[in-house]
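Student: Could you walk me through this one? I have a few quick questions.
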Amino acid sequence: MSEFNYQLDLLKAMNQKLSEKERMYHVICDSAEGAFLYFSFRKNQFSTLGHWREFFDFEIRDVADFQRLMEEVDEPYRQELRRVLFLDKTGEESAVTECLIRERRIWLQFAVKVYYDDSGAPSDKVVHVTNITRQRFKDEELQYMAYYDNLTGLYNRNYFVRLLCEYLKNAAETRNIVSVMNIDIDEFNKVNDRLGIEMGDDLVQQFGLFLKDFCQDNVIACHLHSDVFCIAIYDPAGTRTAEEIYRQIRERIRDPFRLSNGSEVKITVSVGVAEYPEASHSALELINYAELVVYRVKALGRNGIQYFNAPILDDFINSVELETRLKQAVTNRDFIMYYQPQYYTGNRRLRGVEALVRWKDQDGELISPGTFIPVAEKNGSIVPIGKWVVEESVKQYARWRTQFGFPFIMSINISALQYKKEDFVDFLMGVLNRYQVHPSEIELEITETVLIDDFDAVSERLRLLRNFGIRVSLDDFGTGFSSLSYLKKLPIDTLKIDKSFIDTVMTDPSTRVITESILNMVKALGFESIAEGVEEERQYKYLQAIGCDVIQGYLFGKPLPPAELEKIFAGSLS
Ligand code: C2E
Ligand code: MG
Ligand code: MG
């Protein structure tokens with residue numbers, strides 16, 4: 001009995017020790033990160049420890065249970081996981097693999113270690129399972145940033161260029177074509193200005209998402225910058241062509257984009273296409289050329305598609321050359337002023353002159369403002385040129401007034417960029433002061449484009465100038481957007497009817513109807529009217545008959561340098 005009791009106590013003590021040990025293992029395993037799968041080769045027995053249940057809702061009790069485990073894992077990772085879990089067969093001691101658990105999208109790492117007994121036979125195996133999802137996402141995020149554009153989810157520029165290089169390499173081997181399309185949202189600035197940058201981003205994002213649908217085997221798309229996107233098509237003669245993509249874009253943008261603030265925005269796009277091998281063999285050049293064509297599309301009124309060709313590149317090179325020469329001309333002050341007289345229709349008396357700048361280049365050739373003013377407006381040199389024009393014309397006027405002894409009006413063309421300068425009013429008043437010219441003798445000609453950008457700010461500035469007594473006239477009326485409703489809000493004195501109306505007024509009855517209604521409206525609003533580009537006597541007679549106040553045109557005088565104009569004045573005044 002006592003022997004039995006002794007054995008029992010011993011057993012109890014051993015059991016307690018064992019369960020304490022087991023408890024210890026459990027505590028250790030629980031406090032470790034992840035879960036453990038233990039396998040005893042001797043007993044052919046599996047046990048799971050630690051946080052196994054956080055990952056799987058089943059236990060591993062025998063080999064058959066591995067089938068369930070495999071089913072949880074994403075297909076591409078199964079083979080490697082199987083190899084790692086049944087490691088002892090290979091004789092390796094340890095191995096690691098990662099896999100994606102399908103339903104829950106978590107990444108698990110399986111680190112396996114096999115222990116061997118003294119005879120070299122495998123005795124135990126421990127599989128340590130850890131959740132590495134966070135780490136993987138971080139890596140993925142870094143990878144994402146390297147290849148994708150954050151805003152749109154399309155490829156970024158760098159990666160796009162790399163892929164395009166691949167396309168070109170393949171195309172060289174297979175004698176294929178690669179099309180590169182540059183897609184630019186028209187007047188995107190207006191969306192940004194009107195609705196804010198966030199809504200601009202929203203639009204770019206939505207448009208980018210739409211372009212993403214085109215990305216397939218032979219099509220890649222990227223967000224180049226701001227509102228500009230690029231698509232490359234390998235073998236455009238195949239299933240996709242630039243025209244086809246353009247057609248689908250146009251179909252989409254027929255409907256407005258609904259932005260997150262509830263507003264709806266309708267857009268148009270300008271698209272330029274450059275193709276390998278015709279345009280270039282270089283990925284970067286193809287991208288640049290496609291963008292160059294977009295400038296052309298924009299210049300032709302936006303909302304269209306064009307293909308790159310050699311003359312476009314020539315024009316561009318010429319304009320770059322023109323720009324360089326223009327910068328030099330600004331430094332050298334290679335400009336001269338011409339003046340064109342304006343006469344009252346009723347009595348043919350001089351109303352004033354319009355100051356028109358000319359660029360006299362190094363060879364003495366005169367370059368027309370129609371050629372260089374747009375370039376100067378683009379690169380900002382219109383500001384120094386414009387300042388020179390104002391100073392020169394006011395100085396000339398002061399001289400003439402003393403010479404002839406009576407006042408008239410000096411009309412000066414002013415560009416949008418000049419109005420936008422903070423110091424414009426101060427500058428102008430300073431010049432008038434310096435030459436002792438009264439503000440009422442000066443008229444500023446503005447075009448509608450000045451107003452489109454920032455109607456309120458510009459009208460405010462014009463109002464200020466008019467308070468000083470300066471006259472304001474609206475130039476080239478009828479060529480811009482000419483919304484009649486804004487006319488009555490404009491602080492102007494004079495409206496100049498564009499030459500294009502005068503050109504056809506005698507031959508086209510509908511032009512006559514329009515011209516007459518413009519004049520009626522001008523009268524009703526109390527403005528003065530000037531007809532530009534009058535070349536024929538019959539035009540003059542007609543305009544006089546329908547009540548146009550002032551005539552300007554070759555019929556009565558071309559723009560001339562001051563000395564020649566003085567001769568005419570002297571003749572007509574004597
Ligand atoms: P604009 O202000 O509408 O000037 C009238 C243009 O029509 C002038 O061309 C003038 O020479 C031309 N013109 C006048 N009468 C006739 C005519 O009977 N027949 C024909 N065929 N043309 C006539 P120009 O001098 O070449 O100037 C072109 C444009 O360049 C001007 O159009 C104006 O927008 C701009 N511009 C000229 N000078 C300046 C300037 O100093 N500053 C700015 N910002 N722009 C200027
Ligand atoms: Mg003008
Ligand atoms: Mg004009």
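Student: What coordinates the magnesium ion (ligand 3)?
Tutor: Keep in mind that this is a predicted model. In it, D475 and D476 each give an OD atom and E532 gives two OE entries, at 2.0 to 2.5 Å from the magnesium ion (ligand 3).
Student: And how are those donor residues spaced in sequence?
Tutor: The pattern is D-D-x55-E. D475 sits in strand β18 (residues 471-477) and E532 in strand β20 (residues 528-532), so the pair, 57 residues apart, links distant parts of the chain.
Student: Are D475 and E532 buried or exposed?
Tutor: D475 is buried, because its relative accessible area is 6%, under the 20% cut-off. E532 counts as buried too, at 12% relative accessibility.
Student: How far apart are ligand 3 and the magnesium ion (ligand 2), and which residue coordinates both?
Tutor: They are 4.0 Å apart, and D475 coordinates both.
Student: New topic: what is the strand order in the open sheet?
Tutor: The 5 strands run in the order β7-β8-β6-β11-β12, with mixed pairing.
Student: Which strands stand at the edges, and why is one side of each left without a neighbour?
Tutor: Those are β7 (219-225) and β12 (304-307); each has a single partner strand, so one side has no neighbour in the sheet. From one strand to the next, the twist averages 20 degrees.
Student: How many bridges join β7 to β8, and do they run parallel or antiparallel?
Tutor: There are 6 bridges, and β7 and β8 (residues 228-234) run antiparallel.
Student: Nice. What stands opposite H225?
Tutor: That would be V228 in β8.

Notes: Residues are numbered from 1 along each chain as its sequence is written. Chains are lettered from A and ligands numbered from 1 in the order in which they are written. This is a predicted model: local features need pLDDT of at least 70, side-chain atom pairs count only at pLDDT 80 or more; totals for chains, interfaces and linings use all residues. Side-chain values use heavy atoms; hydrogens and water are left out. Two strands pair if DSSP finds at least two bridges between them. Helices (H or I, at least four residues) and strands (E, at least two) are DSSP runs, numbered from the N terminus. Axes are lines fitted to C-alpha atoms, for helices over the stretch in contact, and angles run from 0 to 180 degrees between N-to-C directions. Donors are N, O and S atoms within 2.8 Å of the metal (3.2 Å for Na, K and Ca); water is not among the atoms, so sites may look incomplete. Buried means under 20% relative accessible area, exposed over 50%, partly exposed in between (1.4 Å probe, protein chains only).
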